[in-house]
Amino acid sequence: MPTPAPHESDMRREIEEIPGVVERLLVDGAGETTVIAAAVRTRAPRWVSIVARGTSDHAGIYARYLLETHLRLPVSLAAPAVTTVYGGGPEWRDALVIAVSQSGQSPDVVGVAEAARDGGAMTIAVTNDRTSPLAGVTDFVLPCDAGVEQSVAATKTYVAQLAALASLVARLAPQTELAGAIGALPDALAACLRAAQSWLDVGGGDATQPATVFARADRVLVASRGYNLATALEVALKLKETSRIFAEGYSTADLLHGPVILSAQDVPALVFRPDGRMGLSIDTAVARLRATGSDPWIIGGAELGRGGADSSTSAQDAKRRLSLPLALPEALTPLAFVLPGQLLAEAVARRRGYALDAPEGLAKVTRTL
């Protein structure tokens, strides 16, 4: 294994900026979000299409759960090639199209947004660049305003996308638990970040230190379900692009439909477990993982701290669980749960000796058609 990289990295610093980024977004972006929400109410779209690539695709998956649960609007994830390669596309009238892109520069995302606008859809860009090509072809811009992100691996811009999307849905569904809790996000994220840093930074190299174990692996499973399917997919991507690990992200429901056979003692598993009914569903997959010889790390909420999600009581088992100090509805937990996942990916890359902030073969802006 290569020599570990230095502790300090742009990626780590940018993860640590996330609570402040979200606070600024919620405060400074409140006016724009209110205007966009009013326009959505006026247009009264009958369905939603989300177009994105890469990390932004995972933000789109999160948005799908938000929109379908809180607004009961059917949501599709657009296949950009239908428009940009095949020259086709749906009938866009009565649609709301949300284009999600940190840079706002990918031609396929821009092309779908432009075609949708020209076809009569209401279009919104969720981007970190207000002057980007994407912002120029949409009706409205929902800005992330996360500041310049130096690391190729997106961290603060991803969470900012989630926060922007959650803020918009909260405006459109003001009587929901989501709307009532969104203002607590900055403090909750700061507390979760401290807990995650302590969990990862403690210890040196034994089998209960997650970064050490994941750094030694060639294959990794990452799983969750519901709102946090996006978290599993995003953390798996971060492990791939920063550490060159074949990390596969799954819905725990899909995991049980065959891929659980990939689980083994030498394949570390990371599971994100929210409290409540979804957590109970995820516990079934955790039990199956353990039956294969795996001993997964579990990141979750208060139930982990009370032992309600796991009957194991040994000190070694306890080190495999991170109970985050948050009192948020499940719909907001992806913003908190992804933090330890991002920190884990950063720590694993350092232990494997890879160039954290500029992985070989990757660029900050990827343009596809």
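Guide: Asp10 is partly exposed, with a relative accessible area of 21%; buried here means under 20%, exposed over 50%, and partly exposed in between, for a 1.4 Å probe and protein chains only. Its partner in a salt bridge is Arg13, with the closest N and O atoms 2.1 Å apart. A salt bridge is counted when a side-chain nitrogen of Lys or Arg lies within 4 Å of a carboxyl oxygen of Asp or Glu. Arg13 is partly exposed as well, at a relative accessible area of 34%. Both residues belong to helix α1 (residues 10-16), where they are 3 residues apart, about one turn of the helix. Helices (H or I, at least four residues) and strands (E, at least two) are DSSP runs, numbered from the N terminus.

The model is predicted, so local features need pLDDT of at least 70 and side-chain atom pairs count only at pLDDT 80 or more, whereas totals for chains, interfaces and linings use all residues. Residues are numbered from 1 along each chain as its sequence is written, and side-chain values use heavy atoms, with hydrogens and water left out.

Side chains of opposite charge can pair when their charged atoms come close. By the rule above, the count comes to 16 salt bridges. In one of them, Arg320 meets Asp295 at 3.3 Å, N to O. Arg320 lies in the loop between α16 (315-319) and β10 (321-323), and Asp295 in the loop between α14 (277-291) and β9 (297-300), so this pair ties together parts that are 25 residues apart in sequence. Arg320 counts as buried at 9% relative accessibility, while Asp295 counts as partly exposed at 27%.

A further salt bridge joins Glu346 to Arg350, with closest N and O atoms 3.1 Å apart. These two residues are 4 residues apart, about one turn, in helix α17 (residues 333-352). Glu346 is buried at 0% relative accessibility, and Arg350 is buried at 9%. Elsewhere, salt bridges that share partners join Glu32, Arg130 and Asp145 into one network.

On a 1 Å grid over the protein atoms alone, a cavity is a set of points where a 1.4 Å probe fits but cannot get out, and lining residues have an atom within 4 Å of a point. The volume of the largest cavity is about 40 Å³, a volume being the space filled by probe spheres set on points that are joined across faces, edges and corners. The search of the whole structure finds 1 cavity of 30 Å³ or more. By class, the lining has 4 nonpolar, 2 polar and 1 charged residues; Ala, Val, Leu, Ile, Met, Phe, Trp, Tyr, Cys and Pro count as nonpolar, Asp, Glu, Lys and Arg as charged, and the others, Gly among them, as polar.

The largest nonpolar core has 93 residues, of which Tyr62, Ile98, Leu185, Val222, Leu270, Leu332 and Leu335 touch the most other members. Its largest share, 12 residues, comes from helix α8 (residues 156-172). Such a core is a set of buried Ala, Val, Leu, Ile, Met, Phe, Trp, Tyr and Cys residues joined through side-chain atoms within 4.5 Å. Leaving aside neighbours within four places in sequence, Val222 is in contact (heavy atoms within 4.5 Å) with residues including Glu248, Tyr250, Leu270 and Phe272.

Finally, Gly301 lies in the loop between β9 and α15 (302-306) and counts as buried at 3% relative accessibility. The C-alpha atoms of Gly301 and Leu322 are separated by 8.0 Å, with the two residues 21 residues apart along the chain. Beyond its neighbours within four places in sequence, Gly301 is in contact with Arg273, Asp275, Ser323, Leu324, Leu326 and Phe337.

Note on methods: 1 Å grid on protein atoms, 1.4 Å probe; cavity = no way out; pocket = protein on both sides within 12 Å on 5 of 7 lines; lining within 4 Å.
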